[in-house]
Amino acid sequence: MTETVIRAEDGAAFMINVFDVAPENQKELAEVMSECADKYIRHHTGCLSVNLLTSNDGKRLLYIAQWRSKADIKAALGDPDIQAARERAAELAKPDPHAYTVYALHHPEG
């Protein structure tokens, strides 16, 4: 799949991490997280997508990983390669990770 699809009824779990980062470190943080997603996370069972968004002011990075279940998230977090990337990211920025489920979706008519 080449796009992220969010559905209320599929029971997907999300790991969303908002990083507060110094503007001079945002690019390096994005590279660390993107490399981790490409090499490790997307290959784990249950991973549906990983999306990275950088703020225009350079002060934040939003990491959104969509998983089939919370158990899949937990299993991936036990991977030593993912742990190493998370430690490196924490050296560059202040992470604030939380697990989420879809509550509601709203779209324009038409």
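Which backbone oxygen does the side chain of Q66 reach? The model is predicted; local features need pLDDT of at least 70 and side-chain atom pairs count only at pLDDT 80 or more, while totals for chains, interfaces and linings use all residues. Residues are numbered from 1 along each chain as its sequence is written, and side-chain values use heavy atoms, with hydrogens and water left out.

View A. Q66 belongs to strand β3 (residues 60–67); strands (E, at least two residues) and helices (H or I, at least four) are DSSP runs numbered from the N terminus. The Q66 side chain reaches the backbone oxygen of V5 at 2.9 Å. Q66 counts as buried at 3% relative accessibility, where buried means under 20% relative accessible area, exposed over 50%, and partly exposed in between (1.4 Å probe, protein chains only). Among the residues that Q66 touches, not counting those up to four places away in sequence, are T4, I6, F14 and L48; contact means heavy atoms within 4.5 Å.

View B. Helix α3 (residues 80–92) has 13 residues. Its buried residues are I82, A85, A89 and L92. Seen down the axis of α3, these buried residues fall within an arc of 75 degrees, so they line one face of the helix; the arc is that of the directions from the helix axis to the C-beta atoms. The cover over the buried residues of α3 includes β1 (13–21), α1 (23–39), α2 (70–77) and β4 (93–94). On the other side of α3, P80, E87 and E91 are exposed.

**View C. Salt bridges between and within elements.** A salt bridge is a side-chain nitrogen of Lys or Arg within 4 Å of a carboxyl oxygen of Asp or Glu; by this rule the count comes to 7. The side chains of E28 and R88 meet in a salt bridge at 2.4 Å, N to O. E28 lies in helix α1 and R88 in helix α3, so the pair ties together parts that are 60 residues apart in sequence. E28, R88 and E91 are linked in a network of salt bridges. Within helix α1, K39 and E35 lie 4 residues apart, about one turn of the helix, and form a salt bridge with the closest N and O atoms 2.9 Å apart.

**View D. Cysteines C36 and C47.** The structure holds 0 disulfides, a disulfide being a pair of cysteine sulfur atoms within 2.5 Å. The sulfur of C47 is 10 Å from the closest cysteine sulfur, in C36, too far for a bond. C36 is buried, with a relative accessible area of 3%, and C47 counts as buried at 17%.

Terms used: Expected span 1.5 Å × (residues − 1). Polar contact = N/O pair within 3.5 Å; in protein donor to acceptor, adjacent residues only side chain to side chain.
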